[in-house]
Every structure is written in structure tokens, then in C-alpha cells.
Amino acid sequence: MRSLRCRAPAFAVLAATSASLSLMAAPAFAQAVHGYAGLAISPKGDRLAAIEASGGEAHMAIVVRAVADGHVVRTIDPCAACSYSGLTFAPDGSLAFVSRDRGTQTTTLALADAAAVRTVATIPGIASTPRFSPDGKRIALLVTIGAAKEAGATQAGVRQIGEIGEHSDEQRLAVFERGAAPVAAPDVKPLSPADRYIYEYDWAPDGRSLIVTSALGNGDNNWWVATLDAVDAASGTVRQIARPATQINMPRVSPDGKTVAYIGGLMSDFGSIGGDVWTVSLAGGIPANRTQGAKATVTSLAWTTNGLRTTRLMADAAQVADVGETGASKVFWSRPASFAAGDGRVVYSADGRTIATVAQDYTHGPAIFAGPVAAPRQITHDNDALPARAVAKSVTWTNDGFSVQGWLLAPVDADPARKAPMITIVHGGPAAASAPAYVGDYGSASTLLKAGYYLFYPNPRGSYGQGEAFTAANRRDFGGGDLRDILAGIDAVEKVAPIDDARLGLTGGSYGGFMSMWANTQTNRFKAIVAGAGLSNWISYYGTNGIDQWMLPFFGKTMYEDPEAYRAVSAISFIARAKTPTFIYVGERDIEVPPTQSVEYWHALKDLGVPTSLVIYPDEGHGIRQPGNAADVLRRTVAWFDKYLAVQP
């Protein structure tokens, strides 16, 4: 169950599905920020490509740069009405990408070589993640023929009318010959079986198979029970390699074709990646944990000719590291920032000696860093002049035997001698983390900071950044130890900042929305709450959401087998204790957390006489994306906190 950031550009990868003020989405690049997305690097490590746009520009183009100094080699923009994704280099340096025209609902797999940009295939639906075969002669692609919705459970679901549960989109593998005539939409024939949803994949070095994570049935719901499989590149036959006991992400095949590595761990949602590095024989077998006991969370993985490379979150630092034969890790590069580059967080040349990423923190805008793995340097400077709109500080504290970390943001003009209100922002997940992302001139963070609020982003137990045991520490204890960690974190912040304990606010989206609703029944310390897409009743939630499989790793059993475990952590079970004024919002077509959860909570507060307001936004999913709706959530959120926390003149 994920939570979306309030800033639309997908840069802050360590928190990409987690560190949320709310479930608001700003208009893309509304702030004066030059955006970089989908970063890819050539196998030789001499060029990189990114999807870029300057502040205020809605349309983005593909920009190819030299790794050495960042100068622009080429701009690729064949369709002014299209959005681009899936940048990937061929062994010979050609670049493939996906182009989508939402006006005509046309999706194209395109290839840019030295001569021109040409169409490889037109997809009658949606497509993503192109990858060249090792010899560069074929391009694999994930396709959803006749898609009824955007891919992913966070997207707005189809309307629940007619006979439900009888159809779901199928994301399948398709393979196209690079040198053949363009494949027209009606002629696209997926390779993998029709009953299997493919989430991720990697080519085997011999090109004879593709290693995938996949599951039978509804793709939105079954990622949590996905298996590691091999798909024959000629016949599409599926062979299971392993059925891991954890959730799995980023399968990567060793250069010798003998071993598969993946990130395995307790994860809340596809795309919110964190865990240990596991390996298993390509022939099949029992996976082995290569980083067991590490006090860090691996967030991405690549297998280069010089070994396994990872990015990981260790407390407040994002790191680039390897995984040795014994499981020990050598850290190449570390900084208190966040990394983002395509689906790999950091992208590597074929030999792993050259890397590229997009780095940013709370006070510095995104920039591309590239170069030697141990010493990449900043090669773009489009955002150097952006002002710092916050003063950021990493805060650590101990509670119940755990070491816990969080981030405190203060207004740039804050008077240290004057008491100020503070809003605590709980990330989604719960398996996720709040990590630094530039505070621009749009969104909850900048608006609240300008209004005089301090902001606190805790990473309590259940979060990434301190190893798998810490992430699993809130299993069957939602709202227990993690809430105690948050309250102890507020105590720690009050020792280092002039926070007025009588003017504390709380907000969050998704799991952060649950925590906001739950905290209202457990403590009166907060004086105003804003809950986005929150869960109020785990009993009714289990039977009405579209992703019930996500709860089994956390609760151990279904709600029907162990209802008391679900009832015990439901805000509705203790709703008579709720006293704090609460603003609630949710998307009408939210698959992950249906709006009925917000209605149930709002109805209870109304009956109890607790000040409350509920807004359900039409056609939105698990995240408020439409610019007008996002602006409305922001306006209402700030007004709610201003009303009950009253920043004093």
C-alpha cells in the first residue's frame, strides 16, 4: 500500500512511493525546476539519456548527453503531443524508448540510431520497459493489449459496474526483431501466456530466455505472491525458478548466466523497493540471502561484469555499494540525498565502473551526477540557482531499543527564540522511507513552511533504512511501536528546535492516512489532523479493497482466519476516543484504499461531534493527480492546519 509524493517528478527514489505529505500531485514541473527522469547510460559508459523539461514546461523531450561533461549531444523529440518513457541503450549505442500519445491513445516502441528515429512497433494499449537482447537484435517490451486502466494499483480503477472480478488487464512480454518492418497494432502478439501478469524482467545472457517476476490472475493484487520464473524467448513457455518467501523486485541475471539475483524483503507495494540481496541458481533452487543482518536497506540492484552493484538506504544516507562473494558490502559513494535513475536508481555501464544518477536533497534541486563509481561529479547545473526554501536537519533518537531517524525542516526565516507549530508527516507503506527531495515553490511542504510551520518526517520501525529486521518490526503491530517511535521522535525534535507542543499537527497518505486516523484514537497530543486515503477499519477494508494480498505478509493470516488481529488495529474499534479535528480526502476510484474507508471514519466523527470534513475527488485513484484537485487539497489542508494550529503573529 503505497503513498505518493506531493511533487510529481519521480526523482526522490528512496522515497518515491513513500515520503508523502499527502496524496497530492503537483502539476508536472510547476515549480521552476529543470526535471530529469528515466535516466539511462550506454554500455560503454560514455553517454547518458534522460527525459527532461524546464520549469513550467509540460512537454518533455529526450536529451542525450556526454558523461564526461554533460554537454548535450542530441535532443530526440519526434512527437510534440507525446510523453516518453523506458529509455534503454543497445550494445551499439542506439536508444530505444516508448512514446505515448494520450490524445490518440497510441503507444509506440521507437528506436533512435545514428540515422533517424523509426517505429519498431505500435501497441494497441499501453507498454513499458523496453530492453535489448544481449546481441542487440531484439527488443523485449511489457505490453497490455486493450488496457482498461493505467498499469498499477495506485492508478484509478475501472468503474465497478456489471459483473465484477471477471476481467483484469494482463501485462505480458512481447519481443520484436529490431531489423524487421514495423509491427502494426493488430499484429502485436505477446510472447508470455495470457493468464500471467509480468511485473519485471531481465534477459538471460544467451538470449534464449527472459527472467521475470510474475503471478497468475489480477496484476494489481498478486504482486505480493509473485514468483521468480523463466520465459522461453522462442515459445513463451514458463518455468518456475523459485517461490520466494518474501516480496521480490529487480531480478538480474549474472553475466555468466548461472545465477539470478533479486531484492527480497517485506515490501508494501510494487515499486516501493527495499530489502536484502538474494541469489538463486537459474536452474532453480532455494534462494540464499547475501546481505542478511545488514543495517541498511537495498533499494536497487544491477549485475555488471565486475559484480553486483546496489543502491541502499542506511539511516539518513543514500549509498552506492557492491555485494561481495561473502555478502560484505563495499560502499563506493555515500551522501545524505536521494538517487533516481530510470528503474535502477543508479545506472551503470556494462562493467560497473561508470555510474549516473539524479541526486537532490531538501535544499538543492535535482542534478545529474556521473563518472567513476566512487567519485561521480555533477555534470548538469540547470538547477544550481534554485533557492533553499527550508533548513533541513537529520534527527536520531532511541525508543524501545531501536535507533530511529527522521528529518526536520524549518522555515528559512524561522526565529530560533520563538515557539512555532509543527506538522508531523507520516510516510506511506509502511515499508518505505522519507528521504530528501528538493522543496520547490509548489506543494504542501513549501506552502506550510512559508506559513511558519516546522515539518517533521519520521522513519519509525517498519521503515526502510535500518535493515530488514527493523522493517519487519511492525508486523502484526500497526500503529503500536511505530506510533510510539513517532511520539518519541517529536520529543527529540522539541529538544533541538523551538516547537510549541500545544500546536502539533499530523498528516499522511495511505498508510500515513491510517496512522493519522489511528493516532486520533490513541493520543490527544495532536490538535489538527489531515488524513489522505486512510484506512479506518481493517475488517471492512479487507473485504472491499482491490489488493488484499498485500496484508498477508504483515498479518500472517486473512481477516477471515484471524479477525481479531485486524479489529485490534482499527481506528473504528476505538473511535469514541477521537477528539482531534480531522480533514479527510480520497479518490473516488481508489483501488488500494476504497473511499468507503474515509466515509466510515468521517461518519463516526460526525456522530461523535468531532469537527471533520471529507472530500472525495472524482475519477482519482490512490493519489490526487489532476492539477485542479491537487490545488484544492493543498488549499484545504493549509486552511485546516491554520484554523486549528493558528500560527501566531
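This is a short chat about a predicted model.

User: Ground rules before we start?
Analyst: The model is predicted, so local features need pLDDT of at least 70 and side-chain atom pairs count only at pLDDT 80 or more, while totals for chains, interfaces and linings use all residues. Residues are numbered from 1 along each chain as its sequence is written, and side-chain values use heavy atoms, with hydrogens and water left out.

User: Is Arg461 buried or exposed?
Analyst: Arg461 is buried, at 6% relative accessible area. Buried means under 20%, exposed over 50%, partly exposed in between (1.4 Å probe, protein chains only).

User: Which salt bridge does Arg484 form?
Analyst: Arg484 pairs with Asp400, closest N and O atoms 3.0 Å apart. A salt bridge is a side-chain nitrogen of Lys or Arg within 4 Å of a carboxyl oxygen of Asp or Glu. The two sit 84 residues apart in the chain. Arg484 is partly exposed at 43% relative accessibility, and Asp400 is partly exposed at 43%.

User: How many salt bridges in the whole structure?
Analyst: The search finds 17.

User: What about Arg567 and Glu564, how far apart in helix H7?
Analyst: They are 3 residues apart, about one helical turn. Helices (H or I, at least four residues) and strands (E, at least two) are DSSP runs, numbered from the N terminus. Their side chains form a salt bridge at 2.7 Å, N to O. Arg567 is partly exposed, at 35% relative accessible area.
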